[in-house]
Amino acid sequence: MVFSRVEITDAAADMLRKMTGVHGPLMFHQSGGCCDGSSPMCFPVGMFRIGSSDVLLQTLEVEGLAPIEFYMSASQFEYWKYTHLTIDVVQGRGSGFSVEAPEGVRFMIRSRMLNDAELDYFGLVPQVH
Amino acid sequence: MTVYANPGTPGSVVTYKSRYDNYIGGKYVAPNSGQYFENITPVTGQVFCEVARGNSKDIDAAVEAGWKAFASWGKTSVTERAIILNKIADRMEENLELLSVAETWDNGKPVRETMAADIPLAIDHFRYFAGAIRAQEGSLGELNEDTVAYHFHEPLGVVGQIIPWNFPILMAVWKLAPALAAGNCIVLKPAEQTPASIHVLLGLIEDLLPAGVLNIVNGFGIEAGAPLASHNNIRKIAFTGETTTGRLIMQYASENLIPVTLELGGKSPNIFFEDVAAQKDSYYEKAQEGFAFFALNQGEVCTCPSRALIQASIYEGFLADGIERVKKIVQGNPLDTNTMIGAQASNDQLEKILSYIDIGKAEGAKLLIGGERADLGGELSGGYYVQPTIFEGKNSMRIFQEEIFGPVLSVTSFKDYDEAIDIANDTLYGLGAGVWSRSGSTMYRAGRAIQAGRVWTNTYHQYPAHAAFGGYKQSGIGRENHKMMLDHYQQTKNLLVSYAEGPMGFF
C-alpha cells in the first residue's frame, strides 16, 4: 500500500495542466498567517526559493506533467503533520502571487486526519515507554 | 436605523464607475494588456465594475512616473506635505458616508464598522502623520570642538506598497500616510478582491496631490504584484498578507538590496483570568464584549482574537455568557446600520472558512454555536455569509493554530498563569493578544510575557494612530501606525563637518 500526504482533485489537476501551459513547470508552497494564509501558493519552479526551513511533503504525480513538489515550512508542518491534504480548486478571487488567480479560481486545501495505518506509516504513532 | 441603497441604485450616496483604469502619472490610463477583470461585491455576489488587469509594463510606467514626480515632491517642505495630508483628511471627513458605503460594497463589512472605524481611523491617520512630520527633527552630535555630525531625514524615493483586502482603504492609508509624509512617491497595488474603493477615495483627493506622487496599478499578484515587489527601481517594498508571499517579497528585496516591511497576521490569544468574573458589573460586560470581538469584520482581521483562553475556575459560566452574547450578534445586509456582521470578502474565503469548520469537527473539537454558511435570503443569498462559530478544543488542534480569517473562535481553558502564558505563546505568530484581568500585576506581567507586538489589555481591537502595531515571530517586520514608521520610509543623511581651520596632520 502506498500512502500519500497530499493528493489532488481532478479539477485542480486540470487547472495545473492549464497553468503549466502558461508558466511552465510549477510547484506549491503552503502559506500561513494573514489574509490568504492557510492557502497553497502555486508558483513557477524557480520563482520561490525553497530553504532549509522547508519540508517537502509530497511530489505529486499529475498526468501529463513533470512531478510537482509540495512544500511547507517546517515550523508549520509541526502543526499539520497529522493531517492529510487534498488540493482542490474553487471559484474565487485569489490573492498572493499564486498563478491561478487570473483565472478567477483559487487552489484550496481540504484536510482530513490521517488514519491509523497512515500514522503508522509516517511514524506518528506515539511510542509507549 | 438606516439601510443604505446599493451603490449605483437610486438614492445611493455613492456610484461606482463601470470601469477603472490604472492611475499613473496623475491620470487614468488603460492597462497595457487591454484587459480588465470583473469586480464582485460580496454583499450579493454580483459584478459591479471592471478593473484594469495591470502587468509589468504598467508597473514600469508607474515607477517611472513616480521618479519623475519625486524630483520635486522629495524637495517639498514638511509644512507643504503636512498641509496636503490634512486637506486629504478634511476631504475624507466631508465624505465619510460616501466612503463608508463604497468600502462596504467592495469588501462586504458592515457599514456601521466603516462609518465608526475604518474611515475615521484613516482620516485620523493622515492627521497624525501630518503632525508627526512637522514635529520630526534631525539631530546633531558635537564630536569635539571642531567637528559636528548632522543627521537629516531624507525620503527614499519611489516605494512599492501591496495592500490587503480586509480593510482596503484603512490598510492603504496606513502605508500611504507615512510614505507621503516622509516625501516618497508611491506605486500602490490594491488587492484584487477589493480593487475599487481606493479609486473612490482617489476621486476625492486627486486634485490635492501632484501628478505621479501616488500611482495605483490594479491587477493580480502574479501579474502586477510580483513585478512591483521585484522591480529594480523601487527603494522599499511594504506588504501586508501571508507568510509565503512575505518570504517571496523578502527574496525579491534581497535581490535588489532594498528594505521591506511586512505584516503577516497571526493567531491571537485572548486571555480571561478568573478575577474577570469576580463581579457581574460593567467591567464583566466589557470582557464579554472582548470575547465576542472575534466576529469583528467577520473575523477578517490579522489580529482576530481567534483563541479564547479562559481560566478553568470561571470557564463554564464565562463561556456560557459569551455564547449568549454571540447569539445576539446581528447578521444581515452590510448596508443596514443595525448589522453587526456582514459578508466574507470573497467566495474562496468563504470556502476556506467552511473547510476549516470541517477540520475542526474532524479533529474532535466541539461545536458550540454556528458552524454553517448563513443564507440571508433575497439578493443576499448570493453573498458570502458565515454564522459566528465557536469551537471548544485543545491548542494543538489546527483550528487553534492556523489563521482561519473568518468568524470562528476556538476556546480552551487554562488552570493558572503559567499555563495561560504557555498556551498563548504556543503559536508560530505574534501579532496581537488580549489580556483581561482586574489585577494590575497580572495584566502587566501577562502583557510583558506574551510574545506579540500588540497586547490589548482590558480592551481589544482598538487601532488608534500613535500606538505601534506590528509582529513578533513569524508575524512580520516593522511597526505601522506610529511615528516610528517614518523611519521605514526615510534614510539618514549624515553630514560630518569639520570646522577646524588647519589640516588633520596625516599627510
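Buried, on this tour, means under 20% relative accessible area. The model is predicted.

**Stop 1: C304(B)**

Select C304(B). Its relative accessibility is 5%, so C304(B) counts as buried. Now look for a partner. The closest cysteine sulfur belongs to C302(B), and the gap is 10 Å.

**Stop 2: C185(B)**

Move to C185(B). Here the relative accessible area is 0%, so this cysteine is buried too.

**Stop 3: N39(B)**

Next, pick strand 4 of chain B, residues 36-41. N39(B) lies in that strand. Buried or exposed, at 1% relative accessibility? N39(B) counts as buried. Show its side chain together with that of D106(B): a polar contact of 3.0 Å joins the two. Then display the surroundings. Leaving out residues up to four places away in sequence, N39(B) touches Q46(B), V47(B), F48(B), C49(B) and V51(B), among others. Its contacts also include E192(B), Q193(B), P195(B) and A196(B), as well as D106(B).

**Stop 4: the contact between the chains**

Zoom out and colour by chain. Chain A brings 46 residues to the contact, and chain B brings 52 residues. Together the two chains bury about 3,800 Å². Carbon and sulfur atoms make up 57% of that area. On the chain A side, select Y79(A), R93(A) and F97(A). These three lose the most area to chain B, together 24% of what that side buries.

**Stop 5**

How many salt bridges run between chain A and chain B? The count is 3. For one salt bridge, select R49(A) and E255(B): their side chains meet at 2.9 Å, N to O. Polar contacts across the interface of chain A and chain B come to 19 residue pairs, both residues at pLDDT 80 or more.

**Stop 6: the chain A face**

Stay on the side of chain A that touches chain B. Highlight the elements that give two or more residues to that side: strand 2 (26-30), strand 3 (40-44), helix 2 (74-80), strand 6 (83-91) and strand 7 (105-113) of chain A. Which of chain A's elements provides the largest share? Strand 7 does, with 6 residues. Finish by colouring this side by class: 18 residues are nonpolar, 22 polar and 6 charged.

How values were computed
Residues numbered from 1 in each chain as written. Chains lettered and ligands numbered in written order. Predicted model: local features only at pLDDT ≥ 70, side-chain atom pairs only at ≥ 80, totals over all residues. Heavy atoms only, no water. Contact = heavy atoms within 4.5 Å. Buried area = accessible area lost by both parts, 1.4 Å probe. Salt bridge = Lys/Arg side-chain N within 4 Å of Asp/Glu carboxyl O. Polar contact = N/O pair within 3.5 Å; in protein donor to acceptor, adjacent residues only side chain to side chain. Helix = DSSP H or I, 4+ residues; strand = E, 2+ residues; numbered from the N terminus. Nonpolar A, V, L, I, M, F, W, Y, C, P; charged D, E, K, R; others polar. Buried < 20%, exposed > 50% of the residue type's maximum accessible area, 1.4 Å probe, protein only. Disulfide = S-S within 2.5 Å.
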